[in-house]
Amino acid sequence: TERITFRLTANERHVLETKAKERGLKLSLLCRLIVMRRKIPDRSPQTLQWIRNLIGEQNNLNQIAHHLNTTKESDRWALEAIHFIADEVKQAKNILTTTNYD
């Protein structure tokens with residue numbers, strides 16, 4: 001591995017350290033991602049919990065599918081639930097695929 005050294009003000013370092021901590025990253029990894037203009041992952045506890053909740057929606061979709069297969073007809077509850085989950089998935093996709101350099 002190679003080392004590159006550069007200078008920052010105390011405030012700049014504090015800002016970078018805060019961003020790294022918020023995202024659950026090491027400072028060196030955050031700096032590499034910024035320099036290489038790569039997506040900066042958000043591994044904060046809040047985001048990880050949100051992703052776990054989103055994955056849990058798969059179970060809800062399975063329950064809705066079972067309900068629809070059992071009744072052989074759609075109803076308002078099922079349609080509203082499907083629209084809600086679809087919106088959550090769309091929001092997740094946008095968040096997870098948006099390039100973030102800050």
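Predicted model: local features only at pLDDT ≥ 70, side-chain atom pairs only at ≥ 80, totals over all residues.
Local features were required to have pLDDT of at least 70, and side-chain atom pairs counted only at pLDDT 80 or more, whereas totals for chains, interfaces and linings use all residues. Numbering starts from 1 along each chain as its sequence is written, and side-chain values use heavy atoms, with hydrogens and water left out.

The largest nonpolar core has 7 residues. A nonpolar core is here a set of buried Ala, Val, Leu, Ile, Met, Phe, Trp, Tyr and Cys residues joined through side-chain atoms within 4.5 Å. Buried means under 20% relative accessible area, exposed means over 50%, and partly exposed lies in between (1.4 Å probe, protein chains only). The members of the core are L16, A20, L25, L30, C31, L33 and I40. Two or more residues come from each of α1 (10-23) and α2 (27-35). The most come from α2, which gives 3 residues. Helices (H or I, at least four residues) and strands (E, at least two) are DSSP runs, numbered from the N terminus.

Contact is defined as heavy atoms within 4.5 Å.

In helix α2, the residues L30, C31 and L33 are buried. The buried residues of α2 fall within an arc of 165 degrees seen down the axis, so they line one face of the helix. The arc is that of the directions from the helix axis to the C-beta atoms. Cover for the buried residues of α2 includes α1.

Helix α2 is followed by R37. Phi of R37 is near 55 degrees, a positive value in a residue other than glycine. R37 sits in the loop between α2 and α3 (45-71). With 54% relative accessibility, R37 counts as exposed.

Helix α3 contains Q49. Q49 is partly exposed, at 36% relative accessibility. Q49 and A86 are 37 residues apart along the chain, and their C-alpha atoms are separated by 19 Å.

L8 lies in the segment before α1. Its relative accessible area is 37%, which makes L8 partly exposed.

The structure holds 2 salt bridges. A salt bridge is a side-chain nitrogen of Lys or Arg within 4 Å of a carboxyl oxygen of Asp or Glu. R13 pairs with E17, the closest N and O atoms being 2.7 Å apart. Both residues, R13 and E17, lie in helix α1, 4 residues apart, about one turn of the helix. R13 is partly exposed at 44% relative accessible area, and E17 is partly exposed at 34%.

The other bridge joins E80 and R76, with the closest N and O atoms 2.7 Å apart. E80 and R76 both lie in helix α4 (residues 76-97), 4 residues apart, about one turn of the helix. E80 is partly exposed at 44% relative accessibility, whereas R76 is exposed at 66%. An α-helix has 3.6 residues a turn, so residues three or four places apart point the same way.
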